[in-house]
Amino acid sequence: MTEPFLQIQGIRKAYGPVVAVENVDLQVRRGEFLTFLGPSGSGKSTTLYILAGFEDPTAGNILLDGRSLLSIPSHKRNIGMVFQRYTLFPHLSVGENIAFPLKVRRLPKAEVDAKVKEMLRLVRLEGFEDRRPAQMSGGQQQRVALARALAYDPPLLLMDEPLSALDKKLREEIQYEIRRIHQQTEVTILYVTHDQEEALRLSDRIAVFSKGIIDQIGTGPELYSNPQTRFVAEFIGDSDFLPCKVLSASDGHATISLGDGRALDRIPLHGFASAGGKAALMLRPERLRLARISGENAGIAATVSDITFLGNNIHVSTTTDDGALVSVRLPFGHEAIAGLNRGDRVQLTFDAGSAHVFC
Amino acid sequence: MLLDFQRLGWWKYALLAISLLTAAFLLLPILFIAALSFGSSQWLIFPPPGWTLKWYADFFADPRWLQSAWTSFQIAAIVTVLSVLLGLVTSFGLVRGKFLFRETLRALFLTPMILPVVVLAVGLYAFFLQIGLNGTMLGFVIAHLVLALPFSILSIGKALEGFDKSIEDAAVLCGASPLEAKIRVTLPAISHGLFSAAIFSFLTSWDEVVVAIFMSSPTLQTLPVKVWATLRQDLTPVVAAASTLLILLTVILMALFALVRKGLKS
Amino acid sequence: MSSQIRASTASAPVRPARPSGLRWTLPALAFVMLFFVVPVAALLLRSITEPAFGLQNYVALLGSSTYLKIFVNTFLVSAVVTVISLTIGFPVAWALAIMPGRLASVIFAILLLSMWTNLLARTYAWMVLLQRTGLINKMLIGMGLIDQPLPLVNNLVGVTIGMTYIMLPFIILPLYGVIRKIDPAILQAAALCGATRWQSLVRVLLPLALPGMAAGALMVFVMSLGYFVTPALLGGTANMMLAELIAQFVQSLVNWGMGGAAALLLLVVTLALYAVQLRFAGDQRLGDR
């Protein structure tokens, strides 16, 4: 197997006693779109800033194409970056902004002009060359920033929450642009965001950050269907948790018992389980089935506490007999909902494979 | 509703009257001096019996007036350059730096602005007596730089605080060295702060009289010292002419300031 | 320096630590220490070492009725100037904050012109205006208000008028900023609660503007205490103020000990009042949030 394009090896960053990033290991393929996903303060931005050279790691190493980046100052790393805030040079026009990295590299004028044109075409801002940053919308400014970061064909592009200042509709529009540009340029992208939808929409793989460490790396479907930690389960997709007890565990699966004494078999297990220990059963609202209790109860007994219409689906909030809150999401017009009212008794069922137990 | 001009009732007219009277109080003495400088009366009678340019002729014919104006200009120009340069470097340290006592240091740098000038004047006078800097250009420059530097640190610091460092970081990642990024990106972006610093520094030195009274010698004096010395003897209309020229300079600088700020905004 | 750091962390290829920024302030620090802190400190030191070590200069300064009169004059003039400036400045700042933009910008231009015009030129104008044969006296006689010209210059009346003229912009501008920051909705709420205009003014607007007024008033008071040029020219030799006294000790009497002692008194009062002013300014900032 060939050596990975970018290797992050055991990066640690501490500010005095405060550890921002702990032992981050990561390998990135050439041309990959990898997203750092996590809440603020989880270390994702710090890792990106270490890559950019604005922060020095306390320990660890970063190899790009087999060479360590750490001894190279920021301006010689040849890395592109789009920042969270608008960072166009306010005194320069759009064209001059994109030309800046090329002029710094002392490229001949004809080449600079051609590249600026090419980049404006890439981000679909032809004709905006002479505008000032202040005359452009936030979305346009970030597209120019993207053009500027790509103008010198960097092998690696860093993006630090570039769309967080934009409203939702515009954000989706530019996410689509970024995807297209990634496919067109085949540049390797490391993208930081706290928005799971954005991460899922854009990335080949996602690294979920929590409290300075990477909880799990994988594709979107992997993280969704097989979360390794409760944090990942909570962060990717919607989830509800029911308290339960582990009866036995083997081979990565557990047999558990719920509050009503019912035992459930072969549920994927994460964490260290001891027989009789407390755990949490994770359920996905969209993978639950709901039926009115008639005769024999085959699932978790619950009472409907609220029914909300959310456009293409219906959200049913229920309270289990143990007092836990469980949501069920059903498509609009689903037969189980017809005539359902607040206070109705229902039973919730699910496939063992769609649930997870976290200890 | 006290903060809605249209709904103040008769209070509106009371406020308007006080404002206009105050504005007149502030403006009229300045216009009065300008008018007197063209008046023919040696005793400054107003309204003047006739009009003349005699006092301006006297001003420009007297080499001591011109010499002191030239001295003032030279000192102010040097002080402006040094104050902006030193202010720029210091502001970078104060705004970007992370070190103990940073706020204390900033307060120390701004202290000359709030202390009574006479204390500095007397202190520096004593010091310069010992090292022989009284009555020298260098002495003037140092003394005025002490007074001008706080204004530079204040205006450049404010501009630098308002400048997002990410923009400079972006320039560095684009391949510009840290110094190159500062020169090509940061300096143009904070140019309004540099400009205010320059104007304030120039005016501080150009108008300064208290320290200058102590620093000056019979052979080296600034325009304000010359005005001061003249006023202590009599109220000659030549001073009105000199004052009018100073007012004219103020108006020009203000207009320049407004123009540049407008230009920087668009 | 960088080689040292490299050597000590040879195991990991870490770049030298970023400079803290302190070194960029060192040139200015050296300059300010040498030409500001040391000279002023040396002057203050002379107050207890010349002509001999001890407090004799302070005893002389505080024990003499001549000097006491100067202190009283200085405080009196400063206080009167502050009160008048505040009384005129508040309504003007209030009006500026709410009047139509065009008129406001004209008045602003006048404020700035007055502030930026050379201090000596402005003081000269008042010397001419206030003299016995000056325009003010002529107008007062013309209107039949007085028979004999009033002595308006070479006394504390002249100083007070001239100082008020100079200090007005310094109180109007910060007060304008304070009033501008008050949300008009608060006063609308007061009106809807049933407050009359007077009640709104006394119970809402003034209390909200009070920290700003206190800060501005203290600033004007402190500036007035140390003023030199205007008191010297408009007050004449008989009505000396503190700054002039310091200058005279040094220049005419060459008495460094007494000069240093007077300077220390001025400095202590100034710094103490600034400390109070900073507290008001701090409270004001809290109020904004």
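Let me begin with chain A, where seven bridges join E17(A) to strand E18 (residues 325-331), the two running antiparallel; strands here are DSSP runs of E of at least two residues, and helices are runs of H or I of at least four, numbered from the N terminus, while two strands pair if DSSP finds at least two bridges between them. This is a predicted model, in which local features need pLDDT of at least 70 and side-chain atom pairs count only at pLDDT 80 or more, whereas totals for chains, interfaces and linings use all residues. Residues are numbered from 1 along each chain as its sequence is written, and chains are lettered from A and ligands numbered from 1 in the order in which they are written.

Within that pair, Asn313(A) has Pro331(A) as its bridge partner in E18(A), and the hairpin has four residues between its strands, with Gly323(A) in the turn at a positive phi of about 95°. On the other hand, strand E16 (residues 300-309) of chain A pairs with strand E17 (residues 313-320) of chain A in the antiparallel sense over seven bridges, and Asp306(A) is partnered there by Ser317(A) of E17(A). Three residues lie between the strands of this hairpin, where Gly311(A) takes a positive phi near 85°.

Turning to the open sheet of chain A, six strands are arranged in the order E6-E7-E8-E3-E9-E10, with mixed pairing. Its edge strands, each pairing on one side only, are strand E6 (80-82) and strand E10 (213-218) of chain A. Inside the sheet, strand E7 (residues 156-160) and strand E8 (residues 188-193) of chain A run parallel and are joined by five bridges, with Leu190(A) in E8(A) as the bridge partner of Leu158(A).
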